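Morning, everyone. Let me walk you through one structure. Please have a look at it first.

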Amino acid sequence: MLHDFLAQRMIPTLFCLRGGKEISLLQKQDLSYLGVESILVESAYDVTFDSGWDWNSIPLRKSELAMPVRRLPAEAFHFVDSYVYKLDRATFGDCTKRWGVIALPGAKVLLTGFSRQRFHLATLVPRNPLKIRREKIILCPEPYPNGTYGDILNVTLPRLCRILRAMPDAEKKEACVAMPFKLEVAHQLVELLGIPRERHINTLTDCFGLTRDGWAYTCNTPLKIMVGKGDYEYMRNRLFPEYRNKGHKRIYVQRQGRRKILQEREYLHSLLDMGFEVFDDRPRSIEEQMEFFNGAEIIVAAHGAGMANMLWANPDVSIVEVRDAGWWMNCFRLWSLYNGAQHELLVDWSRFSEPTWNISCISSDLNVNIHGLLRVTQKMLASK
C-alpha cells in the first residue's frame, strides 16, 4: 500500500509542484512544436490476427466429442507513426543512473517508456555533475530496467534498430548506446549491431549526458512489447544476416522455472519420437543459442524468452505456443505474422475465462491438452 501511494500519488504530486509537465508520446508523436527534431521512420498501420482454433480445447474423450472446440477471438492492433527524436544538450539534459530518463527543458518529461512514476522520480533526483559520463552522440532506445533476454529482443533492441534506421551512417561510427546492460547477452547483441563495447552506457549504473555540442536520439514506444514490422526486419537482418531456410530441426523449449508445462513428461517422449530436440534453459551464450536454433523448421514452447530464439530459425519456422489466458502477449505471434509463418496457440483458461494481462500469471504453470498439442504438431509437420 505504501509503495502504491508513493508511486501513484506522492511522486507525481511532487513532480507537478516542482513545475513538471508530462509530454506523452501516446498523444503527440511529432515534437517539432517543442523544437525537437522529429524523424518519421514508418507511417501508421494496422495489424490483424484472424480468429483461430485453440488447440488446448480439443476433446480428449469420446463423451466430449460433441463439445465445441474453442475459437480464439480475432484481434487488431494499431501501430502509430514510428518516430525518432534528435535532441540537443539543452533538450536532453543529464540522465540519472538506473532510469535513463530524458528531461526536456523546464522539468518537462518525455514519456517514451513503461512507467510514469519512474520518469517523475528521475526528474526529482538531484544530478551529480561530477560523475556524469559525457558523449557526443548517445542513443537511448528504451529505459525499461528489467533487461531480461526476452525484454532485450522484444523491447530495447527493436527500438535501438529504429534509431539506427534513421541515423546517418557517419554518426553510427561514434554513437554510444545507453540501455540496461543487465546481461552479458545485451552487450553481445549490441555489438552485433555494430556498436563496440567501449561505447556501451549501462543505465543501471552510469550517470550520463552530452558534450556541449552533442546530441541524443530516442524514439516513441506506444505499444510497449509489440514490435513494429520495420524495426523487427532491421533487427533480424542485422543480427542474423544468414536468415534463410537451411534445415529441418524440430525443437521443444523446456522451462525449469516459472510458466513450465505441467504435462511435459506425458508427451515429451512423443515429441522425441517425432525427431524433436530439447532446448533447456541452462545459461548459454548468444552464439550457442544461434547455433542451436539455426535451421529450425518448427518450435514448440511455452510463452517466454526461449521463444525469442525463433529469430535464429528458418524464416518460415512454424510455432506452437502454450500460453496462459492471463498472460496475453502477442509478441511472438506478431513475429510469425511478419515472417508469413504458421503460429498456433494452446491456451490455459484455468485462471481467466477471457484473454487478459495479469501480473499474477507471470509465474503460473500451464495445463496442456496432450491430444491437442500432438495433433497440431503433427498437422504442422505434415505441411512441411
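Start with glycine 228, which sits in the loop between β13 and α7. A word on those labels: helices (H or I, at least four residues) and strands (E, at least two) are DSSP runs, numbered from the N terminus. This is a predicted model, where local features need pLDDT of at least 70, side-chain atom pairs count only at pLDDT 80 or more, and totals for chains, interfaces and linings use all residues. Residues are numbered from 1 along each chain as its sequence is written, and side-chain values use heavy atoms, with hydrogens and water left out.

Back to glycine 228. Its relative accessible area is 2%, so it is buried. Buried means under 20% relative accessible area, exposed means over 50%, and partly exposed is in between, with a 1.4 Å probe and protein chains only. Glycine 228 is 149 residues from phenylalanine 79 in sequence, yet 7.2 Å from it in space, C-alpha to C-alpha.

Another loop, between β14 (249–253) and α8 (264–273), holds arginine 259. This residue is not a glycine, but its phi is positive, about 60°. Arginine 259 counts as buried because its relative accessibility is 9%.

Now the rings. A pair of aromatic rings is described by the distance of the centres and the angle of the planes. Rings of Phe, Tyr and Trp (its six-membered ring) pair if their centres lie within 6.5 Å; planes under 30 degrees apart count as stacked, over 60 as edge-to-face, and the rest as tilted. How many aromatic pairs does this rule give? The count comes to 14.

Take phenylalanine 92 and phenylalanine 208. Their ring centres are 6.4 Å apart and the planes stand at 45°, so this pair is tilted. Phenylalanine 92 is buried at 1% relative accessible area, and phenylalanine 208 is buried at 0%.

Next, tyrosine 232 and tyrosine 338. This aromatic pair is tilted too, at 5.6 Å centre to centre and 40° between the planes. Tyrosine 232 lies in helix α7 (residues 229–239) and tyrosine 338 in helix α10, so the pair ties together parts 106 residues apart in sequence. Both tyrosine 232 and tyrosine 338 are buried. Ring pairs also join Tyr232, Phe332, Trp335 and Tyr338 into a cluster.

Charges over rings come next. The rule: NZ of Lys or CZ of Arg is within 6 Å of the ring centre and within 35 degrees of the ring normal. Arginine 71 has its charged end over the ring of tryptophan 53, 4.4 Å from the centre. Lysine 249 lies over the face of phenylalanine 292, 5.9 Å from the ring centre.

What about disulfides, meaning pairs of cysteine sulfur atoms within 2.5 Å? A search of the whole structure finds 0. Cysteine 219 is in none, and the nearest cysteine sulfur, that of cysteine 140, is 9.9 Å away. Cysteine 219 is buried, with a relative accessible area of 0%. Cysteine 361 is buried as well, also at 0%.

That's the tour. Over to you.

Key:
Disulfide = S-S within 2.5 Å.
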